Amino acid sequence: MPDNFFKNSNQRNETGFSLVELIIVLLIISILGVLAMMSFQGEKKHLADREALRVMDLFNEARQRALTQHETIRIEINKTRNVISMITENAAGNAADDQFIKTLPLEHQNYVTFEKAPTNIANQPVDSAPTPAITFSASLHPLSLSDQVATFRFNQTGNVLNAGTNSVGANAITSGAVVYFWMPDYSSSGQPMNTGNVIRAITILGSTGSTKYWKCQVDSGQCLTWRQ
């Protein structure tokens with residue numbers, strides 16, 4: 001075999017990628033990166049909707065269980081652990097036999113905030129009965145003791161009670177709430193702000209346990225009108 005065959009073969013191997021080929025590869029990588037970022041941004045736009053609907057489904061399930069099983073079913077939105085839990089209270093007056101039915105993780109609050117309303121809403125959703133904004137307090141229940149929790153206790157008559165004044169819900173009163181789910185705007189340094197760009201809400205009526213899902217259109221940075 002001629003000596004120049006090996007010489008030419010080595011030269012081809014040492015040449016590697018041409019400049020044009022490298023530019024094409026970098027261009028493809030850049031396009032894929034942009035497409036991945038666009039997909040991620042599009043996905044994020046639906047996080048508040050998904051979170052609100054998932055939480056509303058859990059409220060509805062708790063109400064249905066309470067009515068059919070004839071016992072109190074408790075929903076706890078736990079800000080400390082960033083979870084929502086459904087709990088059966090079993091025998092009334094005994095906190096020791098409370099049991100988790102299910103616990104779901106909530107989105108990181110840099111993506112979806114639920115503990116307070118954004119500052120760029122003109123008003124809250126108007127339901128058929130007053131629904132105060134959600135409030136959190138230190139839990140008195142053994143399963144979440146001292147965590148910052150919003151408590152909704154669905155009883156067998158369909159009413160929703162608050163946490164009461166002790167671990168078994170003594171002195172509890174009928175109380176609904178409005179729970180906001182919103183995606184925060186970000187500052188130039190990348191920090192989440194108190195204004196939202198995708199804003200949703202759930203209202204829970206204390207007298208019936210029924211829930212409604214609300215959307216607010218953000219125009220020029222302001223949430224002015226709610227619709228179901």
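Reply: Ala 201 has Trp 214 as its bridge partner in β9, and the two strands involved, β8 and β9 (residues 211–219), pair in the antiparallel sense over six bridges; strands here are DSSP runs of type E with at least two residues, numbered from the N terminus, and two of them pair if DSSP finds at least two bridges between them. This is a predicted model, in which local features need pLDDT of at least 70 and side-chain atom pairs count only at pLDDT 80 or more, while totals for chains, interfaces and linings use all residues. Residues are numbered from 1 along each chain as its sequence is written, and side-chain values use heavy atoms, with hydrogens and water left out.

The open sheet consists of four strands in the order β7-β8-β9-β10, with antiparallel pairing. Because β7 and β10 (222–227) stand at the edges with a single partner strand each, one side of each is left without a neighbour in the sheet. Direction ignored, neighbouring strands of this sheet are turned by 30 degrees against each other on average, the axes being lines fitted to C-alpha atoms.

β7 and strand β8 (residues 192–204) pair in the antiparallel sense over nine bridges, and Pro 184 has Gly 196 as its bridge partner in β8. Five residues lie between the strands of this hairpin, where Gly 190 takes a positive phi near 90 degrees. Eight of the 10 residues of β7 (residues 177–186) are buried, so this strand is largely enclosed by the rest of the structure; buried means under 20% relative accessible area, with a 1.4 Å probe and protein chains only.

Terms used:
Buried < 20%, exposed > 50% of the residue type's maximum accessible area, 1.4 Å probe, protein only. Axes fitted to C-alpha atoms, helices over the stretch in contact; angles between N-to-C directions.
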